[in-house]
Amino acid sequence: KGTSGPKGFVVQPRRLPKTTASVRVQDFGEIIVKPTTENIEVQAGRCTDCGVPFCQNACPLQNNIPDWLGLSAEDEMREAWRVASATSTMPEICGRICPQDRLCEGSCTLNQSGWEAVTIGSVEAFIGDTAFDNGWVEPIRPAHERGQSVGIVGAGPAGLAAADRLRSAGYAVTVYDRHDRPGGLLIYGIPGFKLEKRVVQRRTDRLIEGGVEFVQNCNLGVDVTLDELREKHDAVLLAMGVYQARALSVPGGGPGDTVPALDFLIHQNRRDLGEVDNDTWHNAKGRKVVVIGGGDTAMDCVRTAIRQGAESVVCLYRRDRDNMPGSAREVQNAEEEGVVFEWLGAPKALMSRDGTVSSVRAARMALSEPEFGKRREIVPVPGGDFDLQADLVIEALGFEPEEFAAHHNELSLTQWNTVAVARSGFATSLPGVYAAGDAVRGASLVVWAVRDGQDAAAEIDRYLRTQTEEQAA
Ligand code: FAD
Ligand code: SF4
């Protein structure tokens, strides 16, 4: 291929073109420019096939990255798809939204040696998209029906990954979700500029065509009980994520003075899906916005507010850039799009004028000296208070499990209220009930939810096979 091959990285720089910031903020489309096959061959050809696949080790799915990079470099896309889809039920989704700088690409040998990582995520997304475009994504057709059923609560990535594997193995699968469409945070959390909704919908369409039944608007604990699901199914998987937003506790704030991050993001996602008109509710257009928090949710809120046409957008975070939980890539994207970061600032009070919020008073913070094995403390700087003008304040302080998980008094929970599972497995304290994804880990990543969903499906399969054998005996 001329430029690809073992020394590709020496002559070819890493290239991952994004739409110019001033253009991309005009809409909610994905910001990565769709690569051509030639671009992908060149970028995949930068892989040195170093022999110690640190990238694979750093991938929660243990994706066979060097193999599918090599195949992509040789334009063997169909074979690359076969390899990529063997370990992942949604490569085109993870390829788009994994924080690769902290996972596969962060560990790439080229990155470690100063040559800049191979664009692993972008190649993976391209392989998946190419497979869908060419009809290589096979429909789910189980070899035989097993005559047992599994109920899954939650149609997020953990639930969808498990549904894919269990239906393929021949189980009747029903997914219950309280939202009106499947996808979990892939649909109603993560904005379209990171992951367009059509990419999620074609995955769920495939599951529906393969025989997975989705029961939407069904809230476990309200519309159905866990015991009813256990009665109905041979096994149950709990994959309902974590949705209790951590609340801001500062004086001055009244009801409606702040907007929870997920409400803000869900409303915009509903606009993108054409479910609500372009109304003014949770709309940042023409407003001075302050987003409080430093995780990926905060990054999604600031970038959404910019796209809605906010007059100004400030992200207030109590630690500094190096100590924030959000992905460095997302901070860079936000800065390019015009977001101002107020590092080392902690909210202290909400100030109001004429009954509506007018500014956020914040304390200037400083980080304690680094100590081995400890996260640096933050302490207020005396006399360092400052005010940020705001007429829309968004709280993005993270999520915890909802109380609802305790709806069954024999379901054990951890001290953090997540569902307790057996060591190195997914079985809960209730026989035949398993749990996976954020509901077990707490707020985490899509790729971990996919891994859990796949592994939980394998464990449920083993459990149900044992049940069948015991019954036969
Ligand atoms: P979820 O995706 O939360 O799905 C759970 C499903 O269960 C939902 O559909 C919900 O409606 C349903 N449910 C909940 N309770 C009930 C109930 N009682 N009855 C019935 N159904 C119920 N991760 C990344 O890797 N990259 C990112 O860029 C990224 N960005 C994010 C942005 C935001 C705004 C947020 C909030 C998270 C982001 N994450 C990101 C994290 C990622 O989305 C989650 O880790 C992942 O979605 C967890 O998957 P899950 O299947 O466990 O849960
Ligand atoms: Fe990298 Fe995520 Fe793909 Fe694994 S799943 S190779 S971590 S982008």
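In helix H13 of this predicted model, Lys197, Val199, Val200, Arg202, Arg203, Thr204, Arg206 and Leu207 are buried (under 20% relative accessible area, 1.4 Å probe, protein chains only). Helices are DSSP runs (H or I, at least four residues), numbered from the N terminus. The 13 residues of H13 should span 18 Å at 1.5 Å a residue, and the end C-alpha atoms are 18 Å apart, which agrees. The expected span is 1.5 Å times one less than the number of residues. Gly211 follows H13 and has a positive phi, near 105 degrees.

H13 (197-209) also supplies at least two residues of the lining of the second largest pocket, as do H7 (91-97), H8 (104-107), H10 (120-133) and H17 (328-336). H10 gives the largest share, 6 residues. The lining counts 34 residues; Leu16, Lys18, Ile32, Ser122 and Arg329 lie nearest the centre. By class it holds 9 nonpolar, 8 polar and 17 charged residues. A pocket is an open set of points on a 1 Å grid over the protein atoms alone, with protein on both sides within 12 Å along at least five of seven lines; lining residues have an atom within 4 Å of a point.

Ligand 2 takes up the space of the second largest cavity, a set of grid points where a 1.4 Å probe fits but cannot get out. More than half of the ligand atoms must lie within 2 Å of the grid points. The shell has 9 nonpolar, 2 polar and 1 charged residues.

Local features need pLDDT of at least 70, side-chain atom pairs 80 or more, while totals for chains, interfaces and linings use all residues. Residues are numbered from 1 along each chain, ligands from 1 in written order, and side-chain values use heavy atoms, without hydrogens and water.

Notes
Nonpolar A, V, L, I, M, F, W, Y, C, P; charged D, E, K, R; others polar. Buried < 20%, exposed > 50% of the residue type's maximum accessible area, 1.4 Å probe, protein only.
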